[in-house]
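Morning, everyone. Please bring the structure up on your screens. I'll talk about how two chains meet.

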Amino acid sequence: MERKYIAALLAVSFAALPAAPASAQAKVSDGVVRIGVLTDLSGTYSDLSGQGSVLATKMAVEDFIAAEKPAFKVEVVSADHQNKGDIASNKAREWFEKDGVDMVTDLVTTSTALAVMKIAKEKNRIAIVNGAGSTRITNEDCNDVTVHYTYDTYALANGTGRALVKAGGKSWFFLTADYAFGHSLEKDTMDVVKANGGSVAGSVRHPFPANDFSSFLLKAQSSGAQVIGLANAGNDTINSIKQAAEFGVTPKQSLAGLLMFISDIHSLGLKTAQNMYLTEGFYWDLNEQTRAWSKRFFDRHKRMPTMVHAGQYSSTMHYLKAVKAAGSDDTTAVMAQMKKTPINDFFASKGQIRDDGRMVHDMYLLQVKKPAESKYPWDYYNVRATIPGGEAFQPLSASRCPLIRK
Amino acid sequence: MEIFGIPLRGLAGQLLIGLINGSFYAVLSLGLAVIFGLLNIINFAHGALYMMGAFLAWIGLTHFGINYWAALLLAPLLVGLLGIVIERTLLRWLYQLDHLYGLLLTFGLALIIEGLFRYYFGISGETYEVPEALQGGVDLGFMFLPLYRGWVVLASLVVCLATWFIIERTKIGAYLRAGTENPKLVQALGINVPLMITLTYGFGVALAGFAGVLAAPILQVNPLMGSNLIIVVFAVVVIGGMGSILGSIVTGLGLGLIEGLTRLFYPEASAVVIFVIMVIVLLVRPAGLFGREN
C-alpha cells in the first residue's frame, strides 16, 4: 500500500519534471545535449566510419567542453545500424522519442541516411550525414533539418572524372555495382566525362557484393578504353583493383576509384594502388592543422582518420558551437545558427551550409604515391589539385531540392 | 569468328575464368560433401574456416616470415586441428539429433570466428602478395592468363581427384564409407570409428583452409570473405547431391563455367544463376544430380 503510494508520487513528480526547470538563461531541454552516432559498427563500412566515427565525435565533445565550458552537459550515444534502413529508422525513432537525442549523425550508406532524415523531419530533430554519399540527400529527398557534410558522389565524380579527362583519359569504361548507389555514381561520372569532351566505351554491372571481378575486367580490357571507372565501393573496389593488376589491365589502362577512402588504400598497399587518382574531402597530411588533429586521433584509434572521421569531428563541433550560440537545442534555432556561421577549422576553410543542406567546402584531387615515394607510415597521397568548394559541388542552379525552388 | 555475337576470343577467356572459379567451388563443396556424407553434419562454419585459412597464410607471412608454399601445408593443418577440437568437444554430442542442431551450432561458430577476426583485423582486410614464382602470366592469344590462376586450377584438381580416389578407391575410404553405413558393425570388426569420424571432419575443414590459402593472393583477405562465398557453395553441394564426392567436384567446375557464361551474356544475372539451377534441380531431381534417393 505504502509502496504503491510512493511509486505513484515518483511517477507524478517525474511527469512534472520537464516543465519545472525552464529557467531563463539556458533553454537546452533537460540541461543535456544528446548526440547519437548511428553507424556501421560491424559491416563493410566499419573501417571508414564505425568506431572511428564514435571516437571523433567524443573528441569533439571533449574539446568543446574544455574550450567553451558550456552551461549544459553533452552526452554521446552510439549504435550499429548494420547498413539497413529499417534498423536505422527504428533506432533513430527510439532515440528521439525515448532517450531525448537531439542530433543523429554519421549515417553511412545512403539507405540509412534517407530513412533517418525522414524520422528527423517528423520528430523535428537534426540529422548530420557524414558517411553516406548520394546526392539524393540534398536533392529529391532534401529537408530543412538535414546537413550533408563531408562529401557526395557529385563532388567525387566531378573531381576525379574531370581531372582524368583533362589529363588525356578521353575514353572510359565503367565497372558498376548493380544497385542504386553504383548507378548514380556511374551516371554522375559519365555526365562529367562527356561534358569535358570524353567518351564512354561501355559499362558492365556486377552483382553486389562480388568476389571475383576477372570476367568483368576482361570485358573492360577488351573495350580498349583508356580509363576504367570503378563505380563501386569498399571491398568490391579493393578486389577490382587487386585483380586488375593481376590480369595485366593496369598499368596499360588506368583505374579511377570513384569512391575510395584512405582506409581502402591502407588495406590495398601502395604497390597495388599506386598512381590511382581519387577525390577526398580531407587528407590527414595536408598541413600543420590536419596533422595535429590526425595525430591525436591516431594515438587513440591506431589508424589515421578517413574523411568521414574528420567530418564527424568538425560537424559535431560546429553543431555544439551553434547550440551554445543559440542558447538552445531547439532544432530551428540551431539549424539557423549552423547555416549562418561559416566553418573554419582543420577540416574546412570558409565552409558554408547551403539551404539544401549541402556543406560546401574544398575537395582534394589526390594521386596515390609509388611505394618509393612514401616516406613514413600513412604517407599515401600526392595532392594534385585543391578543388574550390564552389566548383566541387553541384551548383544550386541545378538543384532538384524543393526547398530551393521557393 | 563469332558465336552468338560474342567473339570467340572473349568466349574462351570467360570459359577459362569460369573454370578457375569453378575449382574454388569444387574444393569448398568437396569439403562440405565429405563432412555431410560421413558425419551427417551441415557444416556452416566452412566459410569461416576458409577465411581462417587465408588469414593464417597472411599472419604467417607478415609476422613469422612463413612463405606461401609452407602456408599451403601449415594453414590447412592448423585449420584441420581446430576442426578436430570442434568435433571432439562440440559436434560429437549432436550426431544422434536432427541435422538442424549441427547446422545451428556450426552457424554460431561461424559468427564467433568471423566476429573475432573482425575485431582484431578490421573489415577492409589485408593484402597477400602472389608468390614470386607465380607472378606474371602468359598470353594465350585470347586472353592474358595470370600464372597464379593457372596454378589454382591445377592445385584444386589434384586435391579434388586425390580426395575422390582415397574415399572411393582405397581401403581407408572403404572403412570410412562402411563406418557411416553401419558404425556398430565396423566397430565390432576392430576399427576405431569415432577416431575415424574426428579425422574426417578435420580433413574436411582442412580442405576449406586449403582453399583459403589458394584464394589469399587473389582476393582481399578479409573477415567476411567466407560468408560471401558459402551460400553459393551450399547451392553447389545441393545441386551435386548432398554428400556425393564426385558430384561436388563435377558440379563445382560445371557451375563455375555456367556462371562465367552468364557474366558474358547477361552479367546482372550472374549472382542468381546458380540458385535458379538449384531450384530446377530440386524440382526435377530432389536428391541432386549425383545424389542417391533414399
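Chain A and chain B have four salt bridges between them. A salt bridge here is a side-chain nitrogen of Lys or Arg within 4 Å of a carboxyl oxygen of Asp or Glu. One of them joins Arg263(B) to Asp212(A), with the closest N and O atoms 3.5 Å apart.

A quick word on the basis. This is a predicted model, where local features need pLDDT of at least 70, side-chain atom pairs count only at pLDDT 80 or more, and totals for chains, interfaces and linings use all residues. Residues are numbered from 1 along each chain as its sequence is written, chains are lettered from A and ligands numbered from 1 in the order in which they are written, and side-chain values use heavy atoms, leaving out hydrogens and water.

Now the whole interface. In chain A, 30 residues are in contact (heavy atoms within 4.5 Å) with 33 residues of chain B. The two chains bury about 2700 Å² between them, and 48% of that is on carbon and sulfur atoms. Buried area is the accessible area, taken with a 1.4 Å probe, that two parts lose on being put together, summed over both. Which residues of chain A lose the most area to chain B? They are Asn211(A), Lys242(A) and Glu246(A), together 21% of what that side buries.

Next, polar contacts. The rule finds 19 residue pairs across the interface, both residues at pLDDT 80 or more. A polar contact is a pair of N or O atoms within 3.5 Å; within protein, one must be able to donate a hydrogen and the other to accept it, and residues adjacent in sequence count only if both atoms are side-chain atoms.
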